[in-house]
Amino acid sequence: IMVAVNKSEAKSFSMQGDFLFRDRRDNEALAAFQKALSLDKSKSQIWEQVLALQLSLNKFDQLAQDGQTAVELFPTNPLFYWYTANGMERSGKTNEAIETWNMGKEMVVENNDLLSQFYSSLGGAYNKTKDFQKSDEAYDKAILLNPNDVFTLNNYAYYLSLRKTKLDRAEQLIKRALEESNGNANFFDTYAWVLFQKANYPEALVW
């Protein structure tokens, strides 16, 4: 009723989006938040909700495009760089994503967990472009900032195992991920792959 009565009020659509999101109607929530932005682009919280939903719904082209607009409007908000770069990378624009993540990490202030996410994302992107030295450096920084991020530990170990390099380091990383998690099939698979690359075939088979 409020939306019907207040069709020119961004707040109405923003509240509608909140209720739809709580009801797990993500596509409808996204549409409501986008309508709110069409009426008022000044609310950073609504931009964050739109970008987060686009990421979870795999709308990567939209994410890259809308993320760039959010960055232009809020150039000191690191989250918008992170979301935008995710959209770029998932859309096949890895070099643009790297550039955006590098710009965004400079905006992070006193938030090691978020900064770690930037470096972790850069580690994966650099690995994709086969710049393995920068990939390893980025992952090492991510782990230094947040030693118990299980997904960073797993991804770094997996990429090292694929390259058949630093396998002792890879085993150390994935063991820590397994210790910190409550059982994850992807982590088991990574550990098995590391063991396989180290020619520990019986143990690899077990995992």
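Contact here means heavy atoms within 4.5 Å. With that in hand, hello everyone, and let's look at Phe80. Leaving out residues up to four places away in sequence, Phe80 touches Ser44, Trp47, Glu48, Leu51, Gly67, Ala70, Val71 and Phe74.

A quick word on the source: this is a predicted model, where local features need pLDDT of at least 70, side-chain atom pairs count only at pLDDT 80 or more, and totals for chains, interfaces and linings use all residues. Numbering starts from 1 along each chain as its sequence is written, and side-chain values use heavy atoms, without hydrogens or water.

Now the core (buried Ala, Val, Leu, Ile, Met, Phe, Trp, Tyr and Cys residues joined through side-chain atoms within 4.5 Å, with buried meaning under 20% relative accessible area, using a 1.4 Å probe and protein chains only). In the largest one, which has 40 residues, Phe80, Trp101, Phe118 and Leu122 touch the most other members. Which helix gives the largest share of this core? That is H8, with seven residues; helices here are DSSP runs of H or I, at least four residues, numbered from the N terminus. A second, separate core has 17 residues, including Ile143, Leu153, Ala170 and Leu178.

Finally, a helix pair. H10 (residues 150–163) packs against H12 (residues 185–197) at about 30°, with the axes 9 Å apart; axes are fitted to C-alpha atoms over the stretch in contact, and angles run from 0 to 180 degrees between N-to-C directions. So H10 is roughly parallel to H12, a label for angles under 35 degrees. Among the residues making the contact are Phe151 and Tyr158 of H10 and Phe187 and Trp193 of H12.

Methods. Helix = DSSP H or I, 4+ residues; strand = E, 2+ residues; numbered from the N terminus. Parallel < 35°, antiparallel > 145°, perpendicular 65-115°, else oblique. Buried < 20%, exposed > 50% of the residue type's maximum accessible area, 1.4 Å probe, protein only.
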